[in-house]
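Here is a friendly walk through one structure, a few helices and residues at a time. Keep the 3D view open as you read.

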Amino acid sequence: MSSKNDVIFKKESLLNTKPGQQIIKNRLFKTKGYEQFIRYREESILEFSKLSTRFAKDLSYLIKSDSNTYDTQQKFSNVYGSDFELKPSLIDSTKLKLINMDVLSDRVARILNSNFIKMTMPIFMALYDSSSNFYGDDNHDDLRENLLYGHLIAIDLSEPMDRIIDKDEDLEYLNDYKFLNPYILKLANDKISKCGNDVMREFNNGFKEAINGQKADHELKSKHTNISEDEMDYCYKKYRAVIGTAGKNMALCRRPLGEIFYLGMSKAAECTGCGNEIEDAIKNKSIKVPSWPLYFYSLTGDVTKCFELTLQKSEIYIKEAQLALDMLPEDFSHKEFLKFLFLTVRHYNHFWYNQLKKENLQQFVVSE
């Protein structure tokens with residue numbers, strides 16, 4: 001019930017999917033899971049505008065205080081790949097442009113307009129609070145703030161990086177995103193480093209895995225219909241590494257909750273990834289390379305079947321995520337919240353599948 005497209009969770013849309021109908025029942029009976037979800041959604045709405053303002057302000061400070069912008073840009077592209085390199089001749093002009101707070105705020109707003117940010121912000125709040133309650137932690141508002149802020153920024157970094165790689169939106173802003181990438185990563189590192197060594201180590205490992213998954217995704221773009229199941233599973237590593245790691249860190253890496261949160265969040269993220277691929281197919285009138293729809297199309301040659309199988313794949317992911325529910329302690333304070341959350345994830349995918357059925361699929365092409 002948190003998305004950049006409000007239509008998805010309108011009553012009419014909810015009525016058209018089985019998970020959506022269950023969401024309506026939860027709302028009518030005001031179940032514990034629904035009430036908890038609404039509370040965190042409302043908190044996240046209030047915090048989102050603050051996040052946007054703070055994010056732009058903190059980035060502005062890092063940009064202005066950087067005495068060696070060329071070195072900063074070069075180090076990032078050396079580590080993460082030449083695709084993210086901003087031509088040296090453009091660095092000064094791009095910096096001058098982004099020092100303007102109105103321009104910088106616009107770019108921040110664009111990359112924050114992300115389903116993964118809007119869908120995960122209330123979830124992380126709930127996971128942190130439930131873990132704190134389970135372990136009997138003292139209230140540490142600074143810790144909660146730094147942990148949430150740092151991970152949301154890290155997740156948001158995937159937005160400009162994906163747009164640079166995919167070149168499917170915001171084409172006129174890609175050089176700006178290349179310039180901002182190292183500062184976004186530094187900001188995430190600065191905040192998460194204040195949350196303890198275990199959390200920082202987990203974040204670093206997760207970020208490396210996410211980059212590997214993203215690189216695999218990029219390499220598969222040249223293979224088109226020769227993609228294997230193992231390769232698709234590997235490129236989905238980016239979802240597990242980013243969202244799963246954040247889930248684990250909301251429990252400060254402590255077992256059992258850290259491991260349970262990792263499983264639940266990583267599989268829920270992979271499930272949502274299937275919905276994203278269906279949504280992208282509608283937007284671009286094509287089958288994305290790489291994607292589960294493309295993998296299934298390469299084996300069946302049937303454009304209708306490939307999306308049916310993608311929806312089935314998403315259901316496999318969510319069933320794995322639901323294993324986490326069975327591992328939680330019986331009296332866990334936010335178990336019903338997570339059950340309701342998984343309903344919203346399933347509805348999200350079924351909504352886009354229903355939208356897809358209105359399209360003329362025979363006109364869809366394989367993206368180049």
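## A cysteine in helix α11

Cys235 is found in helix α11. The model you are looking at is predicted, so every value here comes from computed coordinates. Is Cys235 buried or exposed? With a relative accessible area of 1%, Cys235 is buried, because the cut-off for that label is under 20%.

Which residues does Cys235 touch, once those up to four places away in sequence are set aside? They are Gly213, Ala216, Asp217 and Leu220. The C-alpha atoms of Cys235 and Gln214 are separated by 6.3 Å, although the two residues are 21 apart along the chain.

An α-helix has 3.6 residues a turn, so residues three or four places apart point the same way.

Helix α10 runs over residues 197-220, 24 residues in total. From first C-alpha to last it reaches 35 Å, close to the 34 Å expected at 1.5 Å a residue.

## Helix α14 from start to end

Now have a look at helix α14, residues 292-300. At its start, a side-chain oxygen of Ser291 comes to within 3.2 Å of the backbone nitrogen of Leu294. After the helix comes Gly301, with a positive phi near 65 degrees.

The buried residues of α14 are Trp292, Pro293, Leu294, Tyr295 and Phe296. What do they pack against? Their partners are the helices α11 (229-235), α13 (257-284) and α15 (303-327), along with the strands β1 (286-287) and β2 (365-366).

## The nonpolar core

The largest nonpolar core has 123 residues, and Phe55, Phe307 and Leu338 have the most contacts inside it. Pro293, one of the buried residues of α14, is in contact with Phe307. Neighbours within four places in sequence aside, Phe307 also contacts Ile278, Ala281, Ile287, Tyr353, Leu356, Leu361 and Phe364.

## A serine in helix α1

Finally, turn to Ser13, which lies in helix α1 (residues 11-15). Why does Ser13 count as buried? Its relative accessibility is 9%, and the label applies under 20%. Not counting residues up to four places away in sequence, Ser13 touches Val7, Ile8, His347 and Phe351.

Conventions: Residues are numbered from 1 along each chain as its sequence is written. This is a predicted model: local features need pLDDT of at least 70, side-chain atom pairs count only at pLDDT 80 or more; totals for chains, interfaces and linings use all residues. Side-chain values use heavy atoms; hydrogens and water are left out. Buried means under 20% relative accessible area, exposed over 50%, partly exposed in between (1.4 Å probe, protein chains only). Helices (H or I, at least four residues) and strands (E, at least two) are DSSP runs, numbered from the N terminus. Contact means heavy atoms within 4.5 Å. A polar contact is a pair of N or O atoms within 3.5 Å; within protein, one must be able to donate a hydrogen and the other to accept it, and residues adjacent in sequence count only if both atoms are side-chain atoms. A nonpolar core is a set of buried Ala, Val, Leu, Ile, Met, Phe, Trp, Tyr and Cys residues joined through side-chain atoms within 4.5 Å. The expected span of a helix is 1.5 Å times one less than its number of residues.
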